[in-house]
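Hi,

Here is the structure I promised to pass on. Have a look at it first, then read my notes below.

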Amino acid sequence: MAQDHLAASSSLPEHARLSAFAGEWDGEEVVFPSRWTAGGPATSRTVARMDLNGFYLIQDSVQMRDGKQVFATHGIFTWDRDDRTYKLFWYDSLGYTPPSPASGGWVGNTLTLVRGSLRGNARHVYDVIDDNSYSLKIQFSPDAEGWADVLTGVYRRVH
């Protein structure tokens, strides 16, 4: 009998850990001045779900400033069993295609993911505060050593 190579294996506890970010979230953000935008306050709505047999957290966010949508993101998070790191595939309304996903891991309640490109390096730091809130800090560095904040935010679960 032929083996079914399309039979899904089971997700792991590492995958399930990403479910801390599943749900609907309202965010209060601070956008720092950068080459992409002037700084200032923003709000966001994030909708995230565990999907595809529990292997992926799929996250969509829309950022608003002055009552208008100014930025949107689509993120796909997973645990890579081969290299034993978490991965973040990040796409946004700036339209750059990342050459590779961000990689990293958890330390306590903090998930840190870093990716590089020809434009520089980005670091995403997600900190689970409790079941109903988390914070995010996105930072940029030309050399992956000196990091500057691009965005900070606190997100609260929508009930």
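Predicted model: local features only at pLDDT ≥ 70, side-chain atom pairs only at ≥ 80, totals over all residues.

Residues are numbered from 1 along each chain as its sequence is written, and side-chain values use heavy atoms, with hydrogens and water left out.

Aromatics first. Rings of Phe, Tyr and Trp (its six-membered ring) pair if their centres lie within 6.5 Å; planes under 30 degrees apart are stacked, over 60 edge-to-face, the rest tilted. That gives nine aromatic pairs. Phe77 and Tyr126 are edge-to-face, because their centres are 5.6 Å apart and their planes at 75°. This pair links strand S4 (residues 68-80) to strand S8 (residues 120-130), 49 residues apart; strands are DSSP runs (E, at least two residues), numbered from the N terminus. Both Phe77 and Tyr126 are buried (under 20% relative accessible area, with exposed over 50% and partly exposed in between; 1.4 Å probe, protein chains only).

Tyr134 and Tyr155 are stacked, at 5.0 Å centre to centre and 20° between the planes. These two are buried as well.

Lastly, Thr85 sits in strand S5 (residues 85-92). Contact means heavy atoms within 4.5 Å, and Thr85 touches Trp79 and Ser103, among others.

Cheers

Notes:
Helix = DSSP H or I, 4+ residues; strand = E, 2+ residues; numbered from the N terminus. Lists of a residue's contacts leave out its neighbours within four places in sequence.
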